[in-house]
Amino acid sequence: MSIHRRRFVAALGAGAVASTAGCAQLGQGQSGDGSGGAGVAGETLTLTTTTSTYDTGLLDAIHTDFEEMYGVTVDAVAQGTGAALESARNGDSDVVMVHARGLEDEFLRNGYGVNRRDLMFNDFVIIGPEDDPAGIQGMSSATDALTAIADAEAAFVSRGDNSGTHTKELNLWEAAGTDPGGDWYQETGTGMGEALNIANQQGAYTLSDRGTFISQRSEIDLTILVQGPIEGGPEILANPYGVMAVNPGVHDNANYDLAMAYIGWITSPGVQNSISEYQVNGEQLFFPEAVSEDPDFQQYVPEGWSSDNSDA
Amino acid sequence: MPVEPVVQSVPALFEPIAQLSPAAFDLPFREGYVRSTIFVSLYVSVIAVTLSTLVSIPIAILMGFIEFPGKRFVKSVINTGMGFPSVVVGLLVLFAVSNQGPLGSLNLIFTREAMIMSQFVLATPPITAISLAAITGVDDGVRDAARVLGGTRIAVALVVLKEARYGIATAVLAGFGRAISEVGSVLIVGGNITSAAGISKTRTLTTAIQLEARQGQYETAMVLGAVLVALVLTVNAVVIRLGDSGVGR
Amino acid sequence: MLRVTGASRSYGDEAVLRNLSLEVDTGEVVAAIGPSGVGKTTLLRLLALSLEPDDGTVALDGTDAWTVDAASRRSLRRRIGMVFQEASLFDASVVRNVEYGLRVRRSWSERLSDELAGLVGQSGFDDAVHEALDVVGLTEKVTQHADSLSGGEAQRVSFARALAYEPDVLLLDEPTSDLDPRNTAVIEEAIGEARDRGIGVVVATHDMHQAERVADRVAVLLDDGITEVAPTEVVFENPADERTRKFISGELVY
């Protein structure tokens, strides 16, 4: 008797979950009349991206237009670079937007992504305390600045989380020929905002994307000591964003139609213009790259790929 | 789903807390953000705890009344589950519902249902273990009396349940507490998603707090935290109150 | 009416009862006396049809309880009531306690409508409850909660609880061991009332004086069986067995 009851209860539970799943489907994507074609109306696009991209608020600002245009819903999942790509690899998302070219290239090479486009860029800045113990203010070489910090053993906060920012930081150390280590070098494993707070409390240096720094500038006492390319600093601190669709050849459940509609929309002149107009605390955060008289072919393929290299 | 409009009204009671916070905080909340976040928190946790209770109580009764082979194993599984790291549960659920996983075809990744699954797994061990303690704590004499007065096995089980009702209510509250405080696993399987307009889809109070903290917005996080605490205290108070009024005829 | 014949029962290697026979008829009180641990409780559990004998039979009105299916055995069991040394009342009001036996004998759908009727204040069991409480002199406590009762009052309610559904047999296991003289007297009077209603009562007690007061017949348990069963006066004044005489006179220490 009790065994039957348990099975009954389990069936009840499964039924409850399944029916709520059905209800969730009903609740989604009912926005608008979907006059856009391609029969995507009512569907949901899952976009995985990085936390720093999401935290700028850009996506929430622009996605409403896309949703209304096509009558769809965009689920933007802020996961961090590694997780965003991993989700795409698993087929849990339809389109991925990150800013780690090396990882994007690997993604393309392994066949998980198609139709990559350069999207926009901003840059990184090296920030630190106003008294600048390592004396890096105004340096035109990011690698020299980091070397100076290491030599002075001045406190430095690292993301330590394999994010785009962390990857860039590690590339810089490598280019500088220095292996950071010691009490002055602290890996926090946190998001950018938190890392800024930690650096602020300790009067430490850190590498930050300009966007997060601008949003938090009013609350912290750190200042930009080495500029990024947007304000004339070294090119190595550039932070380009790319967008890719998940390869429907690998994951046939990926919503390819909608992903392409999205990529098409976000690389269109109108939306690229909206991106350039997006401001935080009165400053522009992103610089659009997708529209150009003279398209860069390298955006479509892994960097360094050329048809000469591929096997016949 | 008929539940939604009814439950929507509850979170509206808590929004004033967010709105009453001093202007100094300058909260950037958009219309409906806090309310929808509270709703998702409640929706996921209440359903998960309800399902969990429906499973846990029969298990606790079985464990309390019957000897069966493997009973000690079940007991150690439950006890292990009590202390099981919740974020690992999130990973396990992620593996299950991911497109690559066994349940991939159900499209549960980044949905509230996946969050319910992981909270279900987390809430069941404490609800079962505490209910079991309450049930076995019922005096044997009461059980014998019910049996000898002519009760069928089910009737006797009901009597024991009634005698253990305060302990069971405590168990359910413990499960609810664990569920609604959950951050890591619901973040992993839910994705912390809101619509572009700020209406929560899979963002709970806890993951919203995590997001604000990640951005260094500690004051905002504190306000959300206050809302969460108020919510938990209210639920506890309501359940205790219901328990008290159920005494006697 | 309720008859144990040649019953044996062991726990593990230890034989508690061996080849024991006893019967109780309608409208009589049988006291089972003997030292603690001799097996009185085991005997009662055999009589209550909740424990199966290793050997021998237990029959109610001629039907051997352990040769029929479980459902039939349950209906036999339901004609027997039992009161233990501890009251073990439910965490509820007195009336909910006393009417339990009555409620539980209804079908599930009937029980559901009983509950609903109870919510609006109508209960079909009020008369039976009142009558049972009257036997133990506690009718004024009907709506009180079990927590508010003294130990003696609780035991009296426990008695009423067993009486309410009019069993054919009532088994009592040391019912007054924990009680003061006044409550003991009430219970003993209630035992007499039950007998007068035609109920067959078996009282297990280590209090020989109680046995003398309430019983029509006495069964003396020593070692692992019934040493003697006889009308009360016989057992106490002129027992057939030497051991009985020694036990009664206190020479056999327990």
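1. A crossing of two helices is left-handed if the near helix is turned anticlockwise from the far one by less than a right angle, and right-handed if clockwise. By that rule, α6(B) and α7(B) make a right-handed crossing.

2. This is a predicted model, in which local features need pLDDT of at least 70, side-chain atom pairs count only at pLDDT 80 or more, and totals for chains, interfaces and linings use all residues. Residues are numbered from 1 along each chain as its sequence is written, while chains are lettered from A and ligands numbered from 1 in the order in which they are written.

3. Chain B has 11 helices and 0 strands. Helices (H or I, at least four residues) and strands (E, at least two) are DSSP runs, numbered from the N terminus. Of its 249 residues, 51% are buried; that term asks for 20 or more other C-beta atoms within 10 Å of the residue's own, with C-beta atoms placed from the backbone.

4. Contacts come next. Two residues are in contact if their C-beta atoms, placed from the backbone, lie within 7 Å. In chain B, among contacts between residues at least 6 apart in sequence, 75% join residues at least 24 apart.

5. Back to the helix pair. The axes of α6(B) (residues 140-148) and α7(B) (residues 153-163) come within 9 Å and cross at roughly 145°. Axes are lines fitted to C-alpha atoms, for helices over the stretch in contact, and angles run from 0 to 180 degrees between N-to-C directions. From α6(B), Val142(B), Arg143(B), Ala146(B) and Arg147(B) take part. They meet Ala155(B), Val156(B), Val159(B), Val160(B) and Glu163(B) of α7(B). By class, this contact has 6 nonpolar, no polar and 3 charged residues. Ala, Val, Leu, Ile, Met, Phe, Trp, Tyr, Cys and Pro count as nonpolar, Asp, Glu, Lys and Arg as charged, and the others, Gly among them, as polar.

6. Chain B also touches chain A. The contact takes 30 residues from chain B and 37 residues from chain A. On the chain B side, α2 (33-65), α5 (112-136) and α10 (205-214) each give two or more residues. The largest share, 6 residues, comes from α2(B). This side divides into 16 nonpolar, 10 polar and 4 charged residues.

7. Chain C holds an open sheet of 4 strands, ordered β2-β1-β4-β5, with antiparallel pairing. Strands pair if DSSP finds at least two bridges between them. β2 (14-24) and β5 (63-64) of chain C each have a single partner strand, so one side of each lacks a neighbour in the sheet. Strand β1(C) (residues 2-11) is joined to β2(C) by 7 bridges. Helix α1(C) (residues 40-47) packs on the sheet, touching β1, β2 and β4 (55-60) of chain C.

Definitions and conventions. Buried ≥ 20, exposed ≤ 12 C-beta atoms within 10 Å, placed from the backbone.
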